[in-house]
Amino acid sequence: MPGVERAVPTEELVPISSLPNVVTEYLTRSQGDTPGTAKDLLTATATISDNGKLYDDDRGITNFLEHASNEFDYTSTLVGAKQRGNLFTAVNRLDGNFPGGQAVLQYKFALTDDHRAIEELRIEF
């Protein structure tokens with residue numbers, strides 16, 4: 001209809017417990033002893049972007065998962081969650097021996113319609 005603006009869905013705060021299992025399982029696996037197993041939760045065409053660096057092929061994603069968490073010693077605490085349709089954001093606070101000692105990261109997941117697999121993950125400060 002001319003002259004009628006359509007509302008754009010906004011991201012809403014939601015209880016952490018409402019995050020889909022695939023999101024919490026990804027966080028658990030990627031920060032555990034075998035982070036490479038988190039790849040099983042991704043679609044075949046999934047992409048991961050970490051602070052602007054894109055991983056969009058099998059080798060790059062595997063390398064990212066197996067090495068990203070090994071650079072520093074840290075603990076991760078899930079402190080918040082947001083949702084907009086099939087887009088879910090998990091907000092994590094990291095405390096560790098990296099410069100600054102603390103960081104808050106947003107893990108932004110685009111999921112398949114059935115919420116069983118990850119199509120895209122963007123990790124941002």
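**View 1. The largest pocket of the predicted model and the residues around its centre.** In this predicted model, the largest pocket holds about 620 Å³ of space. Its lining is made up of 24 residues, and those lying nearest the centre are Asp50, Ala68, Phe72, Leu94 and Leu105. Helices H1 and H2 and strands S6 and S7 each contribute at least two residues to the lining of this pocket, while the largest share, four residues, is supplied by S6.

**View 2. The open sheet and its strand order.** Seven strands form an open sheet with mixed pairing, arranged in the order S1-S4-S5-S6-S7-S2-S3. Strand S1 (12-13) and strand S3 are the edge strands, each of which pairs on one side only. Helix H1 packs on this sheet, where it touches S2, S4, S5, S6 and S7, and the direction of H1 makes about 135° with that of S6. Helix H2 also packs on the sheet, touching S2, S3 and S7, and its direction makes about 55° with that of S2.

**View 3. Strand S2 and its pairing with S3 and S7.** S2 and S3 pair in the antiparallel sense over three bridges, and Leu54 in S3 is the bridge partner of Ser49. The hairpin of S2 and S3 has two residues between the strands, and in this hairpin Asn51 takes a positive phi near 50°. S2 and S7, by contrast, run parallel and are joined by five bridges; Leu42 stands opposite Ile118 in S7.

**View 4. Helix H1 and its buried face.** Val22, Val23, Tyr26, Leu27 and Ser30 are the buried residues of H1. Seen down the axis of H1, these buried residues fall within an arc of 135°, so they line one face of the helix. An α-helix has 3.6 residues a turn, so residues three or four places apart point the same way. The face of H1 turned away from its buried side carries the exposed residues Asn21 and Thr28. Packing of the buried residues of H1 involves helix H2 together with the strands S2, S4 (74-84), S5 (87-96), S6 (102-111) and S7.

**View 5. Helix H2 and its buried face.** Within helix H2, which spans residues 58-67, Gly60, Ile61, Phe64 and Leu65 are buried. Seen down the axis of H2, the buried residues fall within an arc of 125°, so they line one face of the helix. Asp58 and Arg59 are exposed and are carried on the face of H2 turned away from its buried side. The buried residues of H2 pack against helix H1 (21-30) and against the strands S2 (42-50), S3 (53-55) and S7 (118-124).

View 6. Tyr55 and Glu119 are 64 residues apart in sequence, and the distance between them in space is 12 Å, C-alpha to C-alpha.

Key: Residues numbered from 1 in each chain as written. Predicted model: local features only at pLDDT ≥ 70, side-chain atom pairs only at ≥ 80, totals over all residues. Heavy atoms only, no water. Buried < 20%, exposed > 50% of the residue type's maximum accessible area, 1.4 Å probe, protein only. Arc of directions from axis to C-beta. Contact = heavy atoms within 4.5 Å. Pairing = 2+ DSSP bridges. Axes fitted to C-alpha atoms, helices over the stretch in contact; angles between N-to-C directions. 1 Å grid on protein atoms, 1.4 Å probe; cavity = no way out; pocket = protein on both sides within 12 Å on 5 of 7 lines; lining within 4 Å. Points joined across faces, edges and corners; volume = space filled by probe spheres on them.
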